[in-house]
Amino acid sequence: MSKTRTPESTEGQDGPQGPGTASPESTEQEAGAQLSTAPVEDRAPNPPRLGVVGWVRWFWRQLTSMRVALILLFLLSLGAIPGSLIPQSGTDPLKVSDFQKAHTTLGPLYEKLGLFHVYSSVWFSAIYILLFISLIGCIVPRTWQFVGQLRGRPPGAPKRLDRLPAYATWRTETGPEQVRTAALALMKKRRYRSHLAGNAVAAEKGYLREVGNLAFHMALIVMLTAFAWGQLFKFEGGKLVVEGDGFSNVLPQYDDFKSGNLFDSDRDLSPFNFTLDKFTATYARTGPEKGTPRTFRANVSYSQGADGKVRKTAIESNHPLEIDGTKIFLNGHGYAVNVTVRDGKGKVVSQQAVPMLPIDSNISSQGAIKVMDGYRDAKGEKEQLGFSAWFVPTFAGAGKGTMFSQFPALDFPVLALNALHGDLGVDAGLPQNVYQLDTSHMKEFKDSKGKALKTRLLPGETMKLPNGAGSITFDKDIKEWVTFQISHQPAQGWALGGAIVAIGGLAGSLFIQRRRVWVRAVEGPDGVTVVEMAGLGRSESAKLPEELGDLVGRLHTQAPSAPDTPETPDTPETPDTPETTGTPDTTAPSTAVSAEGAEK
């Protein structure tokens, strides 16, 4: 006969005080023991007074608890917000200076709180270190405990299986030993860790849940370590290179440079160099996307080390060149005008390609041409020349009322110049903007009408300076320049690997359920075997009753239900055979679950 009992159906049977019967609490505690490696908090009703050692232990338990780890992780995320909203001295000191000048009240306050250098501040480092200690202190004991569980066996069956959330029972004529052997084979086939424990089979599955949990926390440590290592040893710099020029990876060659606190230029700068052979840019010519870039490609020749073989490659957007862990990105581009400056005697005093700074999408550009040495005026006295320059690759045409470029390609290049002479201020030792002139100690050249000398030049044309002061020629060879971002971010692979492992571990800890199943087979008073199956999971889930129902169905095919026993009359009769007494009940038993579960 097949029977199904729920936890509620046990009323009226031997209770918690019955002889040889465990209480419901102790039964469930034994059945669910070590389903998790989370530390158990001791809550004594009257805790003793704590001494120094006791307080240290209490603080350590609080610090290594999951609750505190989550709080620290939240504080770390919260503390990173100012680093994204407020300019940082390590990234852009000029913006920090401008912010302090514009906010005379907030500036000093932010400086005291370390908000201009968040990631190296004392409070951010303290949160970071405490989170490290918390994670390590949480993982180490749980790992050892989990290893101990793997080396052990699933616990034996509790005395009252009918009190567990998923439960089924039936009677069978198959012997208890045969049922237990079939159950053990079934559990091993379904990849349960199982063994015989007395009159029952104990099986457990879902260890990957705890593996995923531990892997997630270990991955967090790897990610935090990789992030810290990358911030300490990273470097990033920019370099503007004109076609035909090159770059060597040494500190003086960079236009701008920033690095981590433990960076050493002699140790961490990889020896390499490259030359910009040619830059190619194409743009959409028609349609609503006219002027939109189609191709940005920098053809370079590079070599690694002092005697490295020269190789050629192309650097494109989102396709950097990587040399010994250092990546070279294509960051921006523009035009460099070639000009030749002569003094009053016709001597060439300067011949250079001057980069122009784009100010719009059509590469209308401004710049400054500076002649610092070698020039003498008509009287033979040393002087410096400066030219404020405006360049458009595609001029709209004279009389069109605009000096802005109409297209980014070199369709109709024009260079507008305003000439000055005097002292450029470069000898004062103060940094200057290469795209602007300091005119505080300079005078404009005047034309025949007494107005400032200004002119527009086509490639190959020359502007004469008054009074035999010399000339400047706009050469036909217009070059392009490229800004490269050269960066080295160590431990990026570790950070990526940690992120992947963290996602996988989190998915495993969320979707894999650790559960235990017991199969008890004992001989009843009438000689028929009574089979009980029960399951217990770490958390309530409808999948546990479903899985138990599937196991019951598979085991029931090997140990079918015994036929119902007919009532015996008062007068002795010759017993009928099973075939003549009726159809035996071979219906598979159902599982009984708690109110939260499903019934199958």
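Reply: Leu415 stands opposite Leu457 in S19. This is a predicted model, where local features need pLDDT of at least 70, side-chain atom pairs count only at pLDDT 80 or more, and totals for chains, interfaces and linings use all residues. Residues are numbered from 1 along each chain as its sequence is written, and side-chain values use heavy atoms, with hydrogens and water left out.

Me: How many bridges pair S17 and S19, and in which sense?

Reply: Four, antiparallel, with S19 covering residues 454-457. Strands here are DSSP runs of E with at least two residues, helices are H or I runs of at least four, both numbered from the N terminus; two strands pair if DSSP finds at least two bridges between them.

Me: And S16 with S17, how many bridges?

Reply: Nine, also in the antiparallel sense. Phe387 is opposite Ala419 in S17 there.

Me: Is S17 mostly covered or exposed?

Reply: Mostly covered: nine of its nine residues (414-422) are buried, meaning under 20% relative accessible area with a 1.4 Å probe, protein chains only. Both faces are covered, with Val414 among the residues on one side and Leu415 among those on the other.

Me: Switching to helices: at what angle do H7 and H11 cross?

Reply: Roughly 135°, with the axes (lines fitted to C-alpha atoms over the stretch in contact, angles from 0 to 180 degrees between N-to-C directions) of H7 (residues 176-189) and H11 (residues 543-558) coming within 10 Å. That makes H7 oblique to H11, the class left after under 35 degrees (roughly parallel), over 145 (roughly antiparallel) and 65 to 115 (roughly perpendicular).

How values were computed: Buried < 20%, exposed > 50% of the residue type's maximum accessible area, 1.4 Å probe, protein only.
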